[in-house]
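Q: I have not looked at this one before. Please walk me through it.

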Amino acid sequence: MQSRVKLRSFLRVMRIGGIALLGAVGTGTAAQEAPSQTVITAARYIDVLSGKTVEHPAIFVGADGRITNIADARTVRWGSDVKHIDLGGKTLLPGLIDMHVHLDGPADIGGYRGLEFTDSFWGMTAVKNANDMLNAGFTTVRNVGSGDRNDIGLKQAIDSGYATGPRIVPAGYALGATGGHCDSTFLPPSLEKKDGKEEGIGDSPDELRYQVRRQRKYGAEVIKVCATGGVFSRNTEPGQLQVPENELRAIADEAHQWGLRVAAHAHGAAGIRAAIAAGIDTIEHASLVDDEGIRMAVARKQPVWFAMDIYNTEYTQAEGSKNGVLEDNLRKDREIAQIQRDNFRKAHRAGVRMVFASDAGVMPHGEVGKQFRVMVEYGMTPIQAIQAATKNAAEALGREKDVGAIAVGRYADIVAVDGDPLANVRELESVDAVVKGGVLVKGE
């Protein structure tokens, strides 16, 4: 017994020491490579906090990648030791935020075609998908569920400089009920796990509280739960309530105790109402929301946000069959697509708080900017659609001090386009330059 205690103590010291050493080396390397200051100039930038356009900005960035000052480029001067990123006549916006992605889900592999590949294949695809999202202007993403904690591993690789991609808020495994949307539903019993439930699955408040703790323990920064059935699972219907309110409340209470927010996959009206009543922070999809669900979302004192993916059905209906998606899944997709778009308009008109959410993985990651057009077609102004992917998303993440606006103290995560996205939001379908933390990662 004593030897085991000594071994644990030794490993703890080595672990803490190793982390400290890695942190010191990383800090030293960054200090050597980064300039003391960078300045970014362009014709104008959109201040999403005020909704106004500011002409001739000079955005100064410190060595830590955060904005230190915003001045008028026509009057301010800087020394030769300041790195200058000149984006000419372009319009700048904050780096975009997608609140619902699956980085380890290639959109062109559907249904049983996934069985063609080995387990580690999916984590490898996540590297390209993350890079595609960054090049599309999304400098922050919330990954709401992955296999093998691929999102956590990729976040660590990006943060350590081994891969290129956006800032990732990972969930690890999504939580759900046995046989529900977040469980494995495509295989026969002979091929299922023999020694207990799949990772993330629970069927009581205590089991789901444990799953919250387990995901957080291994690196989750948000908790995802599937409250209802879904479109692209087997043997579930989108309207089905699968995790009742008392279990959703246990998840929300446990996560909030640990300082984590919760996203609930909820297509059906009953599941949406249960999630709102339980204190869930964001409602994913919200396809079949009813008037009572909208009323509850507007009235709740603790903010609740709708994350409605209203573009991707254009891709799934056009390409899904070719990609191997089963006809039953495409049937469900067709049945709810227009209802979801109409409810997006209704919820927005009623004053529900909204964030940008694409469900990338169902659609290609590099094409998520196409959703802005649909958001405007279904009731938002261009600035409201942009704010959903910037200031609103940052607030929903609880990271207003880091991302979501071009403002002093926040990371210099910036995208640039040639035209005026306030006049034509489709400018965001193909951005011309991307800056992450003051470093130009796309563009001249």
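A: First a term: helices (H or I, at least four residues) and strands (E, at least two) are DSSP runs, numbered from the N terminus. This is a predicted model, in which local features need pLDDT of at least 70 and side-chain atom pairs count only at pLDDT 80 or more, while totals for chains, interfaces and linings use all residues. Residues are numbered from 1 along each chain as its sequence is written, and side-chain values use heavy atoms, with hydrogens and water left out.

Q: OK, where is Asn235?

A: Asn235 lies in the loop between S11 and H5.

Q: Buried or exposed?

A: Asn235 has a relative accessible area of 66%, so it is exposed. The cut-offs are under 20% relative accessible area for buried, over 50% for exposed and partly exposed in between, with a 1.4 Å probe and protein chains only.

Q: And what is its phi?

A: Phi of Asn235 is near 65°, which is positive although the residue is not glycine. Most residues other than glycine have a negative phi.

Q: Which strand has a residue like that?

A: Strand S13 (residues 282-285) holds His285, a residue other than glycine with a positive phi near 80°. His285 has a relative accessible area of 4%, so it is buried.

Q: Let's go to H5. How does its length compare with what it should span?

A: Helix H5 covers residues 245-257, and its 13 residues should span 18 Å at 1.5 Å a residue. The rule is 1.5 Å times one less than the number of residues. The end C-alpha atoms of H5 are 18 Å apart, so the two agree.

Q: Which residues of H5 are buried, and what do they pack against?

A: The buried residues of H5 are Glu247, Leu248, Ala250, Ile251, Ala252, Glu254 and Ala255. They pack against helices H4 (205-217) and H6 (269-278) and strands S11 (222-226) and S12 (261-266). Contact here means heavy atoms within 4.5 Å.

Q: What follows H5?

A: Gly259 follows H5, and its phi is positive, near 80°. Helix H3 (residues 150-159) is followed by Gly161, with a positive phi near 90°.

Q: Then which residues of H3 are buried?

A: In H3, Asn150, Asp151, Ile152, Leu154, Lys155 and Ile158 are buried. Their packing partners are H2, strand S9 (138-143), strand S10 (167-170) and strand S17 (433-436).

Q: Now the whole thing. How many helices and strands?

A: The protein has 12 helices and 18 strands. Of its 444 residues, 52% count as buried. Among contacts with a separation of 6 or more, 69% are between residues 24 or more positions apart.

Q: What are its spans, and what is its radius of gyration?

A: The C-alpha trace spans about 70 × 65 × 45 Å along its principal axes. The radius of gyration is 22 Å, and a compact globule of 444 residues would have one near 22 Å, so the value agrees. That radius is taken over C-alpha atoms, and the globule rule is 2.2 Å times the number of residues to the power 0.38.
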